[in-house]
Amino acid sequence: MAVLRFDHVSKQYPGGRAALSEVSFEVAAGEMLFLTGHSGAGKSTLLKLIHLAERPSRGTVLFNDRNLLKVRGRRVALHRREVGVVFQDHCLLTDRSVFDNVALPLVLRGLRRGEIGRRVRGVLERLGLGDRERALPAQLSAGEQQRVGIARALVGEPRLLVADEPTGNLDPTLAAEIMSLFASLPERGTSVLVASHDLGLVRRMRKRVLVLDQGRLVDDIAPEELADG
Ligand SMILES: Nc1ncnc2c1ncn2[C@@H]1O[C@H](COP(=O)(O)OP(=O)(O)OP(=O)(O)O)[C@@H](O)[C@H]1O
């Protein structure tokens, strides 16, 4: 079953040229794939259409067979519970502890304290942050901060995780660690779509790769077609 389907999707920003042109692809449940292309190719725009930060100008985006064009008003928040988002600059609250940062989406949803504690501690353990829950973001390394951002995206158990250049600020070893973490998510039921222009890293991961060029999807490369990096 497809968790995500783009059907002839185009996006034109007001006054700009086409950021996406006639893009069509599907992501299967439990799949991890990459989205790559030069700066300005449309990667961030494509991810924004998935978490409804932007709307397409033409075409259809289906998430779990739900037409996102019809998701409006308070349903937008419900949709976003099913899509975890990770950014390059993880946008952590600097005056809140690791625990509070990760708990935030669950607090906003009104979950009970006991349930929040159980879920937050579970995800922090999984990401190797079990002993850092009282720390403030500034007391963490860059890799740890990024893992907190990922924990916050995962704590709601989304169907799909989208990540926009999640390793852009990290050294190669940390970047590889974060990528292996992403690669472990599909077996737990979360599909993963990662935008990155780090071609070496993308190639080493041996996953499907979508290539955007000036808003067009110009290639869809299967893992077995990837050359050795
Ligand atoms: N809010 C906006 N208003 C107008 N034009 C925009 C807006 N956001 C992006 N664009 C334009 O849309 C095109 C695609 O941008 P996008 O950010 O999706 O590319 P990208 O592949 O993510 O680039 P990068 O790797 O540099 O982040 C670019 O030409 C960009 O200038």
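Predicted model: local features only at pLDDT ≥ 70, side-chain atom pairs only at ≥ 80, totals over all residues.
The shell around the ligand is made up of three nonpolar residues, eight polar ones and one charged one. Helix 1 (residues 43–50) is its biggest contributor, giving three residues. The protein chain holds seven helices and ten strands.

**Around the ligand**

- Tyr-13, Gly-16, Ala-19, Gly-37, Ser-39, Gly-40, Ala-41, Gly-42, Lys-43, Ser-44, Thr-45 and His-197 surround the ligand.
- Which element gives the most to this shell? That is helix 1, with three residues.

**The chain as a whole**

- A compact globule of 229 residues would have a radius of gyration near 17 Å, and the protein chain agrees with this because its own value is 17 Å.
- Along the principal axes, the C-alpha atoms fill a box of roughly 45 × 45 × 35 Å.
- Buried residues account for 37% of the 229 in the protein chain.
- If you take the contacts between residues at least 6 apart in sequence, 69% of them join residues at least 24 apart.

**Helix 4**

- Helix 4 covers residues 113–126, and its 14 residues should span 20 Å at 1.5 Å a residue; the end C-alpha atoms are 20 Å apart, so the two agree.
- Its buried residues are Ile-116, Val-120, Val-123 and Leu-124.
- Viewed down the axis of helix 4, these buried residues fall within an arc of 100°, and therefore line one face of the helix.
- A handy reminder here: an α-helix has 3.6 residues a turn, so residues three or four places apart point the same way.
- What do the buried residues of helix 4 pack against? Their partners are helix 3 (98–108) and helix 5 (142–154).
- On the face turned away from the buried side, helix 4 carries the exposed residues Gly-114, Glu-115 and Arg-118.
- Gly-128 follows helix 4 and has a positive phi, near 70°.

**Helix 6**

- Helix 6 (residues 172–183) has twelve residues and reaches 16 Å from its first C-alpha to its last, close to the 16 Å expected at 1.5 Å a residue.
- Ile-178, Met-179 and Phe-182 are buried in helix 6.
- These buried residues fall within an arc of 100° when seen down the axis of helix 6, so they line one face of the helix.
- The cover over the buried residues of helix 6 includes strand 3 (32–36), helix 5, strand 7 (160–164), strand 8 (191–195) and helix 7.
- Thr-173 and Ser-180 are exposed residues on the face of helix 6 turned away from its buried side.

**Two residues up close**

- Val-23 lies in strand 2 (residues 18–28).
- Is Val-23 buried or exposed? Val-23 is buried because 23 other C-beta atoms lie within 10 Å, where 20 or more are needed.
- Neighbours within four places in sequence aside, Val-23 is in contact with Phe-6, Val-9, Leu-46 and Leu-217.
- From Val-23 to Ala-151, 128 residues apart along the chain, the C-alpha separation is 30 Å.
- Arg-206 sits in the loop between helix 7 (199–205) and strand 9 (208–213).
- Arg-206 has 14 other C-beta atoms within 10 Å, so this residue is partly exposed.
- Pro-223 and Leu-226 are in contact with Arg-206, again leaving aside neighbours within four places in sequence.
- The C-alpha atoms of Arg-206 and Gly-149 are separated by 24 Å, with the two residues 57 apart along the chain.

Key:
Residues numbered from 1 in each chain as written. Helix = DSSP H or I, 4+ residues; strand = E, 2+ residues; numbered from the N terminus. Expected span 1.5 Å × (residues − 1). Buried ≥ 20, exposed ≤ 12 C-beta atoms within 10 Å, placed from the backbone. Arc of directions from axis to C-beta. Contact = placed C-beta atoms within 7 Å. Near = placed C-beta within 6 Å. Nonpolar A, V, L, I, M, F, W, Y, C, P; charged D, E, K, R; others polar. Rg over C-alpha atoms; globule rule 2.2 N^0.38 Å.
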